[in-house]
Every structure is written in C-alpha cells, then in structure tokens.
Amino acid sequence: MAKRPPRAGTPLPTKEEIAKFLADHPGKVGKREIARAFGITGDARIELKRLLAEMADQGIVGRERRRGLVAAGALPSIAVIEVIEAPEDGELLARPVQWPEGLDVPEIDVLPGKHPGPAPTVGDRVLARIERGENHLGHPRYRATIMRALSREAERVMGVIRMEKSGEARLVSVDRRSKTDYRIDSADLKGALDGELVSAETMPGRPMGLPKVRVRERLGDMGEAKSISLIAIHSHGIPVAFPPEAIKEARKAAPVTLGKREDLRPLPLITIDPVDARDHDDAVYAEPDGDPKNPGGHHVVVAIADVAHYVRPNSALDRAAKERGNSAYFPDRVVPMLPEELSTDLCSLIEGEDRAALALHLWLDSEGNKIRHRFTRALIRIAAGVHYAQAQDAIDGKTDEMTGPLLEPVLKPLWAAWKAVMIAREKREPLEIDAPERVIRLGASGHVLSIEPRARLDAHRVIEEFMILANVAAAEELETRRQPCMYRVHDQPTATKLDALREFLRTIDIKLAKGQVLKPRQFNGILARTSEGPHARAVAEIVLRSQAQAVYTPENIGHFGLALRRYAHFTSPIRRYADILVHRALIRGCKLGDGGLSDDEVPLFEETAEHISTTERRAMAAERESTDRYLAAYMADRVGAVFTARVSGVTRFGLFVTLDETGANGLVPISSLGNDFFRHDEAAHALIGRNPANRFTLGDQVKVTLREATPITGGLVFSIARPGDGEDGAEDAPRPGPRFRRGAGTGASRGRAPLKKSRKRT
C-alpha cells in the first residue's frame, strides 16, 4: 500500500475516504494499515480508532477475522457460510452466516474443492475462502472454496434429564433460547437419573424427530440449590479446577519478610468490606497533612495486596489466573481467579497478620485535589477488619467494641479526607446514574431466604473514591515512567445511541441538540430535569443504555463515565488479572524489586486486553443468569400472585418488567395484553393500542400477575393484572390475542432484557 503524506490541517481522513480505501484494498486491512496509508501518527491514532468504531457502529465498515476491516456490504476473504441450495446436478449455493442488518444478503457460488469428508448439503455450515467477482450485469457475485466443514462438529448442551412415561429419556435444555428438547438413548445416559443436571454433546447424523445427545458429565440433582450456580458456571465455560502445577506453586508460597520493603506495620490501616466478603485486597488510612504549606490537607495511604510477589510472569499460577481473567461471584460461592491458598490467605489482608502490599501515598489539598503521590512496596499489618455498616454506624455515633477505639484516630480522619475528595469529584461531574442493586440471602440449605435492596452508605462511597484516586494515580505513574499500561477505558456514546436517546427525549419534549460534544454533566442535567416527573425511570434507563461498555485496552481513550482522562485498575489484584499487570508494570517502572512486567508480556498486551474483557463479560453473564435462576426458584411458589412492577423494556413481542419487591425481570408477552391492535413505537419505547388506555411505555408502573416461573432457565412470565387476580393464584379464562403492526421507522427488536449497571466494574 502506497504511503500518503500527512495532510496539513486535517489529521484524519473522512469516512468516505476510509470506505473507498477499504474497497480498493480487498485484502486484510486494519487500523495500522489505514494509519500508515494516510500518514496518521501519535495521538491522532486514538482518534482514528474512535472514528473506525463509530463507522462500524453505523454499518459503514465491517470487521474481518483477526481484527481486519472491510467495506460495509463486502464479504471478508474468509467467512463461515451456510448452504441454502444443493441440487443434485448443479453447484451449491450459500449465504454468509453473519451479515449486517438492513443490507441485501449476498448469494455465494460454492466451487468444487478437495476438502475431506462428504459434500455439504442444505443447512451445513462451512469455513470457506471467498473471492469477489461480478455477474453479467456487473453486480457483485461471490465464489467460495471450502476449507473445512463445521456443521458436523458436536455441540455442548447443558440440561436436566426428564424420564418419560414410555421409559424414554429427554434432555431439557437450561438455555431459555432453546427451541427443542433432546433425545437420549439409555446407553448414552451414563447412569444419569430423572431430575439430574448433566452436560451433554450432540450426536452426529440427521435423525428423524428430536436431535440426539449423549451425556458427558453428571453435575448433580437439579433440586439441589447448588445446581443453580453450577448451571451458570458450566454453561459459560468458566474454569473451576486449577491445574496441579498451579496448586503446587500456591502451596509452596510463604509469608514475606520485611527486607527492603517500607515498614508500614505501625500505621493503623483498616479494611472496610461487605460483611460476607470472601477476599480482602485493599486497606486504607488517612491523617491530616502536617506540611504547613498544605493547610487543611490530607495524607492518605491505600495499600493493595502484593499479588505480583506470588504470581510471577508465565508461571503456572500466572497462566491459570490469565485463563480465568477474573473471579466470578455467585450467591452461594465464588469461582476465584487464584487458589484459596492465596486468595483467602497469603494475599488476603487479614487483621493482625503481616502481609505484603503495594502501597500508594497520596497528598491531597483541602479540596481533594492531588498534590503528589508515591508508590512503594511495603509490609503492612491490618489493625482491624470492619464491614460497611459497622463503619457507618460508628460515624453516626453507634460504636461497638471494635469501632469504638478506631473512631477518633482512624475513621474520622478517613471521612474528613473523603469529604475533601467529594469537593473535587463534584467539580469533575462524573456520570451519576442510580442503578439499585439487590442482595440474595441464602439459608443453610442454599435456598433463598430473602431478596433485599443493597444498602448504599457513605462508607461505600469513602472506599470507592479512594480506590478511584489510586487507580488514576497508577495510570499517571505508568505514563510518566513510559511503561505499558492496561487502561480501563469507557468510550463516549456512539452517534447511533445518541440518536436513539435524542429521539426518545423528543417524545417527551426535551431537546438534545445534534453536533454538540456531550459530557457526563449534560447527561446528569437531563436526569436531574426529569427526576421528579413521570418519565424519571424511563429517562434513567435510556441514558444508561446509551453508554458504551467499559473495556481493557493498552491504548488510552479516557473514562467517559468517571470524567477522567486516564484510568487503570490497580486495587483488586486478587480478583482481576488486569490489576496484576498494572502492579507488574509499576514494579518494573518504579524499580520496586522482583516480579515486574516481563519483556515477553508487553507485545501481548492488546491480545490480553481482548481476552480479559471477554472473560469479564463471561463472568457478568454467568452471574446475571445465576441471579435470574435464584429469583425464579424463589418465585416458583407464588404463581398467580400480583406484583407492582416497572416496564423496563419494550419490544414488538411484549414488555419486560422489573418487580419493585425483588428486582426480578420477566416478560409480559404481547399475546397477554388483550384483544387490541398494537403498534410498536421504537423511538418512544412504547406499545400503543387503538384503545387509548392500552399504552405501555418504558418506565410505566404496572400491576402484573405471575403466570410462569421456570428455575431451570431463570424465566419468568407475567401478564398485566386483571380483576380477580390475586395471591390465591386464580387465573381468568384465556382472552383473544392481539394483532400487531410494526410502527413506522421501527426496527426489528432483539428481545433482550434490559441491562443493569454493576457498581463494582467501573
């Protein structure tokens, strides 16, 4: 590709120029090739990445395998295709399995090849090499050469065994999207019994009737409460067992001695965690700054477990931690990133025990602005481990035996420093979205006792703000020392999502001007303006959905939600691999001893970032599904009961609702809304019937009756409550279903449940 000189005064090409460049270069082209071709260097490469992401979101470009790009509407050079015609005396005809919505799906002629195995037939999927050509009218026409067949590979299925009266065995999938059950021959049951949870694999061939599977692993009785989290763990492929080599390394680990570390044991550091915390990786301390040049200032110490001392690059422990990427938390258990010998012992900051730490000293002025900071490797001893409610009660005047002696020397200085930090935070104006969380309380047997709102105390905010300060300092230190950094970035909303938000706000007479660069403060203004009105819930939901997902990357684009120019994860190395990498980079850059970042790790940062971003999403999905199943199990004996709920999603096939009492999410199918003619207004997030009373809009409060609860899948189905519904579970006779017409300008709904923001994953 010929390199072009940089264009004076215009650091980036236009979208049209990029699209033409991709069309002119049908081979593998990525961000690097585009930057080289247009002479883009330095910070402009970050802006190029943002521009390409926006073009992909708008459908102007598509993604090739291995991060390449292609012009929208063009097939990549290698793709998975599905055979749609297989005449006995003609060529196979196929189409791509993945294709952007709204574009005509191209047809592909499959050329004779020398691939092993039988010839594919209709419905088979193959990996093929694609060549672009033209038909007799000059329109694009593709040809494919088969590389290998894919459709006959076994699929993994998780489900529950159900024995029919006929004696035949069935597998009921735990995936609520599954459209079918599976048949199991007695020889393939592996002794599994009725009601047992199993992992199975599909059998080859094209049997008549239900597809067949064979049991691979028996996981336990579905009636046991522990099966709920097991379903999520196994269905998402979260590793559970550690390799023997990693266990061996963990058991050989020993406590550290002082050596060259800074001795911070005389400092009364404390941990403040949830009452049921399974690991403790951060401790804090604050005192007034004695420097007369900093009147009213504060000296804060944030000490983080020195996991990098024990988990060295490319060790067995390191490989196991990297594979997991993070810990996964469920109501009844945790799947840790590190073996328990480290996660709950040597790396956990336990009261009264000497522990290795990477410590950060922060000096703040009276308004919470950082004056300077210093990183050190230290030996610490936790003076006390308290939980959030304990600390809050002490500040509010209700001390106990533990917090009484801590109040004046430790807790009050912490709160004083936090109040100063909050002054700086208010000036920064990060995004403020109230996303309530609920806690599932389990009994001794593992069954749900209660579902309660998670308390939101000042004690939580104290720790959050100090952790944010530490994360920012880590990113700044690595930049100053020119070390690789695994940034935690949160991009600004895309143009497409802003357009959707703008359209919704227009329906409630709020204007959001086009073309302006939005900051978190603008979103906060919208939320504040609507906070007391009938649209408060809907606006908060749409603003939340308009936000990008935070990810890991070695390229810094800032953290939009926190309104920070640079941000990294440093404070939770026991449960996040990204934090271990940041620790290693700090150790290397600050020359703090052994266990620093290795030369071999640096070239892999981009690949590692993608991997740990994926494992984080995997854990979040598993945790969410586990919560859904616990909620469904909790609700199973309340079918027929009436609940107060909010509409949390509107689709062309019905409403998603969230119960006020438990936070459980479920579907109200459009077929249960009554005999009316409904139109889906996508911009207004509403289902609108011809009868003016039949209008359902995002955020509306509704009364719903629980009709179905399926713990196996976590599915809840409701109907809008009618007279006669109540706690006795009585149901009225079926009513005629509605007719449906998609409103002008609406798109096909994806039918997703509304997203929830997790506070611990900023």
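**Cysteine burial and helix packing in the predicted model**

C347 is buried, with a relative accessible area of 2%. The structure described here is a predicted model, and C590, at a relative accessibility of 15%, is likewise counted as buried in it, since the category extends to values under 20%. A disulfide is a covalent bond between the sulfur atoms of two cysteines. With a cut-off of 2.5 Å between cysteine sulfur atoms, the count of disulfides comes to zero.

Helix 4, spanning residues 226–235, and helix 15, spanning residues 605–635, have axes that come within 9 Å and cross at roughly 150°. Because angles over 145 degrees are assigned to the roughly antiparallel class, helix 4 is described as roughly antiparallel to helix 15. The crossing in which helix 4 passes helix 15 is right-handed. On the side of helix 4, the contact is formed by I228, S229, I231, A232 and S235, while helix 15 contributes A622, E625, S626, R629, Y630 and A633. When the residues of this contact between helix 4 and helix 15 are divided by class, six are nonpolar, three are polar and two are charged.

The second pair consists of helix 5 (residues 244–252) and helix 6 (residues 316–324), which pack at an angle of about 120° with their axes 8 Å apart. The handedness of the crossing between helix 5 and helix 6 is left-handed. Helix 5 takes part in the contact through E245, A246, E249 and A250, and helix 6 through A316, L317 and A320. In terms of residue class, the contact of helix 5 with helix 6 comprises five nonpolar and two charged residues, with no polar residue.

E682 and V650 are separated by 32 residues in sequence, and the distance between their C-alpha atoms is 8.1 Å.

How values were computed: Residues numbered from 1 in each chain as written. Predicted model: local features only at pLDDT ≥ 70, side-chain atom pairs only at ≥ 80, totals over all residues. Heavy atoms only, no water. Axes fitted to C-alpha atoms, helices over the stretch in contact; angles between N-to-C directions. Helix = DSSP H or I, 4+ residues; strand = E, 2+ residues; numbered from the N terminus. Left-handed = near helix turned anticlockwise from the far one by under 90°. Contact = heavy atoms within 4.5 Å. Nonpolar A, V, L, I, M, F, W, Y, C, P; charged D, E, K, R; others polar. Parallel < 35°, antiparallel > 145°, perpendicular 65-115°, else oblique. Buried < 20%, exposed > 50% of the residue type's maximum accessible area, 1.4 Å probe, protein only.
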